[in-house]
Amino acid sequence: MSTADTDYVLSLNAGSSSLKISLYSVSANHVLQGHAHDTPEPVSLVLTSSISNITAPPAKFAFHLIDSAGTPSNADTDEPSDAIKDHTSAFAHFLQCLQSQASIDHKRVIYICHRVVHGGGYSQPIIIDEESYHHIEKLSDLAPLHNGAALSVIKACMSALPDSKSIAYFDTSFHCTIPLHISSCAINQEIAKKRGLKKYGFHGLSYSFILRSVSQFLDKPPESLNLILLHLGSGASACLVKDGKSLDTSMGLTPLNGLPGATRSGSVDPSLIFHYTNKAGRITHDPSMATQVHVTMAEDILNRKSGWKAMTGTTDFGVITAKAELDNPDPEIAAHNPNRLASTSSSTACCTLSAQVDALVFAGGIGERGVKLRSIIAEKMRCVGYCEVDEAKNDGVGKEGGVVVDISVGERGDEGRQKRILVCRTDEQLEMARQCTLDPRFWNEI
């Protein structure tokens with residue numbers, strides 16, 4: 001098939017100051033391939049692009065064509081661009097490079113997949129129209145670091161590529177299987193139901209990719225798997241998967257709950273914000289010392305001015321870990337804080353599954369690169385029967401090929417749930433493109 005006849009799916013992942021883009025070509029008869037765990041990939045990666053520092057110019061732009069061996073080119077590696085001022089101009093700059101460097105007509109892009117962090121009550125992907133756009137807009141306050149950026153890109157795509165249909169893929173959808181007794185909050189239920197106040201959970205696209213990839217790696221159907229998944233990056237969460245479905249997760253109504261992140265506090269006592277902002281400069285219940293703390297102010301402090309950046313001055317967890325090894329107090333506390341909470345979440349999840357777990361899986365930027373972090377957490381999990389980590393395998397994860405790497409001591413057997421320690425190179429853009437391509441709802445109309 002020539003380039004002119006090829007159909008493409010574009011996957012976009014917008015952050016508050018970044019935009020990650022992947023373009024995939026669609027295989028023939030892709031809808032007929034089905035969703036079995038051993039189904040071949042229905043898409044092939046054609047190129048990737050990333051834009052960073054969008055809100056702190058000059059923005060940096062990278063554009064990489066992917067050859068037949070899956071190797072990216074070195075074209076435009078983090079080049080500064082004065083033309084990029086916001087997410088709209090970032091996408092426009094990408095479209096120019098798509099034509100000039102890849103000779104791909106953007107009219108061949110059939111669908112554009114958008115990662116949307118908070119989907120509220122949406123349980124599956126939806127084609128974006130005026131109604132769904134405004135619904136996502138209303139949810140922006142619940143995911144302030146992401147939903148607003150996603151909406152900006154969606155609007156830019158609908159304007160620049162009017163013939164391509166935009167589809168929203170929600171991180172919350174994966175967790176729609178969480179039982180009511182777990183997702184409910186211990187508050188007035190009439191108010192909770194009216195306002196949608198409950199646990200939603202996030203990182204769902206990543207967890208969906210991990211579940212499918214681990215299923216392929218272990219050669220077991222997804223519905224047979226019990227897993228503890230740790231997505232550890234600038235945003236971090238844990239997810240408990242029972243029989244291939246999300247049973248519980250550490251994030252809640254918003255991504256703020258649970259594990260701390262680069263700028264998020266994670267779980268804190270709800271009263272902390274009042275003591276943090278009072279006029280006394282100390283813990284006090286004196287009403288005269290209280291300040292008016294609006295929701296936006298509390299959100300700003302806990303979402304953007306907390307986390308390990310507030311503790312150490314940097315969001316680079318590698319730097320924090322290195323400094324912690326020098327017995328530097330603040331970095332040491334910051335490094336051990338997520339380790340402790342991730343270990344606690346994992347051990348609690350293990351008990352919830354009555355210790356019947358197939359694997360503990362690390363993913364995300366820190367999970368995939370944090371050699372010491374994996375070692376510490378895995379060691380703490382040995383008390384509930386997990387395999388010991390093979391330090392040579394753990395050190396060599398970056399040199400190993402494949403999506404999933406087993407870092408457990410010994411070889412994997414065929415019997416029972418073996419509590420292996422795995423690392424998965426998660427890919428949210430691929431997960432969206434794959435789901436889109438295999439969904440007959442979208443392709444039967446073409």
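Which residues make a nonpolar surface patch of about 270 Å²? In this predicted model, the patch is made by Val 268, Leu 272 and Tyr 276.

## The surface patch

Let's take one member of that trio, Leu 272. Leu 272 sits in helix α7, which covers residues 272-277. Its relative accessibility is 34%, so Leu 272 counts as partly exposed, the range for that label lying between 20% and 50%.

## Aromatic pairs

The count of aromatic pairs comes to 8. One of them joins Tyr 111 and Phe 442: the ring centres are 5.6 Å apart and the planes meet at 50°, so this pair is tilted. Tyr 111 belongs to strand β6 (residues 109-116) and Phe 442 to helix α16 (residues 440-443), so the contact ties together parts that are 331 residues apart in sequence.

Both partners are tucked away: Tyr 111 is buried at 1% relative accessible area, and Phe 442 is buried at 3%. Elsewhere, ring pairs link Phe 61, Phe 63, Phe 91 and Phe 94 into a cluster.

Now for strand β14, residues 420-424: it is mostly covered, with 5 of its 5 residues buried. Arg 420, Leu 422 and Cys 424 point one way, while Ile 421 and Val 423 point the other, and all are buried.

What does β14 pair with? Strand β12 (residues 359-363) pairs with β14 in the parallel sense, over 4 bridges, and Ala 359 stands opposite Arg 420. Strand β13 (residues 404-406) runs antiparallel to β14, joined by 3 bridges; here Val 405 stands opposite Val 423.

Key. Residues are numbered from 1 along each chain as its sequence is written. This is a predicted model: local features need pLDDT of at least 70, side-chain atom pairs count only at pLDDT 80 or more; totals for chains, interfaces and linings use all residues. Side-chain values use heavy atoms; hydrogens and water are left out. Patches are made of residues with over 30% relative accessible area and no salt bridge: like charges are joined within 9 Å, nonpolar side chains (Val, Leu, Ile, Met, Phe, Trp, Tyr) within 5 Å. Accessible areas come from the Shrake-Rupley method with a 1.4 Å probe; for residues, only the protein chains shown count as cover. A salt bridge is a side-chain nitrogen of Lys or Arg within 4 Å of a carboxyl oxygen of Asp or Glu. Helices (H or I, at least four residues) and strands (E, at least two) are DSSP runs, numbered from the N terminus. Buried means under 20% relative accessible area, exposed over 50%, partly exposed in between (1.4 Å probe, protein chains only). Rings of Phe, Tyr and Trp (its six-membered ring) pair if their centres lie within 6.5 Å; planes under 30 degrees apart count as stacked, over 60 as edge-to-face and the rest as tilted. Two strands pair if DSSP finds at least two bridges between them.
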